[in-house]
Amino acid sequence: LETQELIHELKGHTGGSPCVIWNSKGDRIATASYDGTIRVWDPDRGETILVIDKKPAGSYRIAFSPDDVTIASAGNDSEVHLWDAKSGEEKAAMKGHSARVLSVCFSRDGALLASTGNDRTIRIWDVKSRECLHTLNGHGREVYGLTFSPDRSRLGSASYDQTVRLWDVNRGVCVAKLIDSEESAYAIEFSPDGTRLAATFVDG
């Protein structure tokens, strides 16, 4: 960033890549692609070190666990998939959604995973047991944005039903409709101290 020079072009996907994430250590990048694969890259060498071929379960949203051991992916097959970030082996395929999964999000301690899909529900999973702890209902359309508060007591969601909502994670209930907009909400993120939420909408 200091020199604004291009260091590497990471080539390998045969389709567009709508999601790119760093791991917590900053020594790996993961990308999800329309070609149905997840690639893990060494950013220093600019090389692919792992390819996870997820066809036909391919998806466009992924997340690293906080310890960088696991990659979660939102599946087109209505399942949430957990992958070993080093070997690429599938750890679990968690079933519960009735339609394509759109987004996944780990809590900051890695104990919980939230997912949402075209079925308009949000599901909170216990990562260790793979069990669904809560199914959150209330949104009238697809939910694209999810974010846990730092203490994982709250979950924020952004939906195409033009609302941003706040959920109590332990009770599995909606505690606030923060925004009731005229535009669809797309992305959402808690501030690091958990006191504020930022959300984006399709109107720019």
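Colleague: How many salt bridges does a search of the whole structure find?

Modeller: This is a predicted model, in which local features need pLDDT of at least 70 and side-chain atom pairs count only at pLDDT 80 or more, while totals for chains, interfaces and linings use all residues. Residues are numbered from 1 along each chain as its sequence is written, and side-chain values use heavy atoms, with hydrogens and water left out. Taking a salt bridge as a side-chain nitrogen of Lys or Arg within 4 Å of a carboxyl oxygen of Asp or Glu, the search of the whole structure gives a count of eleven.

Colleague: Which residue meets Lys25 in a salt bridge, and is that partner buried or exposed?

Modeller: Lys25 sits in the loop between strand E1 (19–22) and strand E2 (29–32), and its partner, 43 residues apart, in the loop between strand E5 (62–64) and strand E6 (70–74); strands (E, at least two residues) are DSSP runs, numbered from the N terminus. Buried here means under 20% relative accessible area, exposed over 50%, and partly exposed in between, with a 1.4 Å probe and protein chains only. The N to O distance is 3.1 Å, and the partner is Asp68.

Colleague: Which strands does the salt bridge between Asp168 and Arg154 tie together?

Modeller: The closest N and O atoms of Asp168 and Arg154 are 3.2 Å apart. Asp168 is buried, with 8% relative accessibility, while Arg154 is partly exposed at 29%. The two residues are 14 apart in sequence, so the pair ties together strands E15 and E14.

Colleague: In what sense do E13 and E14 pair?

Modeller: E13 is mostly covered, five of its six residues being buried. E13 and E14 form a hairpin with five residues between them, and in the turn Arg152 has a positive phi of about 60°. Phe148 has Leu155 in E14 as its bridge partner. Two strands pair if DSSP finds at least two bridges between them; here there are five, and the sense is antiparallel.

Colleague: What kind of aromatic pair do Tyr144 and Tyr160 form?

Modeller: Rings of Phe, Tyr and Trp (its six-membered ring) pair if their centres lie within 6.5 Å, planes under 30 degrees apart counting as stacked, over 60 as edge-to-face and the rest as tilted. By this rule there are three aromatic pairs. The rings of Tyr144 and Tyr160 are 4.8 Å apart, centre to centre, with 45° between the planes, and the pair is tilted.

Colleague: Which residues do ring pairs link into a cluster with Tyr160?

Modeller: Tyr144 lies in strand E13 (residues 143–148) and Tyr160 in the loop between strand E14 (154–159) and strand E15 (163–168), so their pair ties together parts 16 residues apart in sequence. Tyr160 and Tyr186 have ring centres 6.3 Å apart and planes at 50°, so this pair is tilted. Tyr186 lies in strand E17 (residues 185–190), so the second pair ties together parts 26 residues apart. The residues linked with Tyr160 into the cluster are Tyr144 and Tyr186.

How values were computed: Helix = DSSP H or I, 4+ residues; strand = E, 2+ residues; numbered from the N terminus.
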